[in-house]
Amino acid sequence: MTAALQCSLLDQAVEPGVAPLSHLLQRTTLSHGAWVDLRRGWVTGADTLFDRLAAGVPWQAERRRMYDRTVDVPRLLSFYGEHDPLPDPVLEVARRALDEHYAGELGEPFVTAGLCYYRDGRDSVAWHGDTIGRGGTEDTMVAILSVGQPRALQLRPRRKAIGESAQSLRLELGHGDLLVMGGSCQRTWEHAVPKTARSVGPRISIQFRPAGVR
């Protein structure tokens, strides 16, 4: 059974929007030229936005070949390509704000949006980097907006240099939090949303990417 989203009455009363991005944005420098930016509560009215996306997005349940069998992808998916209108006007506003803030570092706009719906603790995504296309060879950025109940997103180095101490990062993301992975993060680090036996509510993540990064 899918756990219900626990909304705050205050958040439900707020029309979704985005706060100033530069305010309260925190950068953490990782190894191998990677970094992450975190902005807690960037989207206001995030629970309302969750409800709109959960009801309005054409979610797809996919199956993928893994080794010698075909398995269900443990989350629902929807993808918006370079010329597709996004499913909610707040996401258009958020993408424009990201473009404006990161224009100097990224040098190009965010043009696609991949949405993932984690219905409960059984839904997950395994360790990976967004290395299909240019992300496997070039520095780039992936911006993840999370609405709904918080879930753990973990990061770890893809490979550890001799003598380097083990590193990892665990962040609970939800309720309008923004995480931006930049620099070499997609090819030198990997990230995951692990399964959990805890009772957790649903979460939707929106991943904004430049052209040619998946």
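# Pocket and cores: a quick chat

Reader: Hi! Which residues lie nearest the centre of the largest pocket?

Author: Hello! Arg64, Arg75, Leu77, Val125 and His128 do, out of 39 lining residues. A pocket here is an open set of points on a 1 Å grid over the protein atoms alone, where a 1.4 Å probe fits, with protein on both sides within 12 Å along at least five of seven lines; lining residues have an atom within 4 Å of a point. This is a predicted model: local features need pLDDT of at least 70, side-chain atom pairs count only at pLDDT 80 or more, and totals for chains, interfaces and linings use all residues. Residues are numbered from 1 along each chain as its sequence is written, and side-chain values use heavy atoms, leaving out hydrogens and water.

Reader: New topic: how many residues has the largest nonpolar core?

Author: It has 33, and Trp42, Leu53, Leu98, Tyr102, Ile206 and Phe208 have the most contacts inside it. Such a core joins buried Ala, Val, Leu, Ile, Met, Phe, Trp, Tyr and Cys residues through side-chain atoms within 4.5 Å, where buried means under 20% relative accessible area (1.4 Å probe, protein chains only).

Reader: And which element gives the largest share of this core?

Author: α3 (89–106), with six residues. There's also a second, separate core of 21 residues, including Leu77 and Cys116. Leu77 is also one of the residues nearest the pocket's centre.

Reader: What does Trp42 contact?

Author: Beyond neighbours within four places in sequence, its contacts (heavy atoms within 4.5 Å) include Pro20, Leu98 and Leu178.

Definitions and conventions. Buried means under 20% relative accessible area, exposed over 50%, partly exposed in between (1.4 Å probe, protein chains only). Helices (H or I, at least four residues) and strands (E, at least two) are DSSP runs, numbered from the N terminus.
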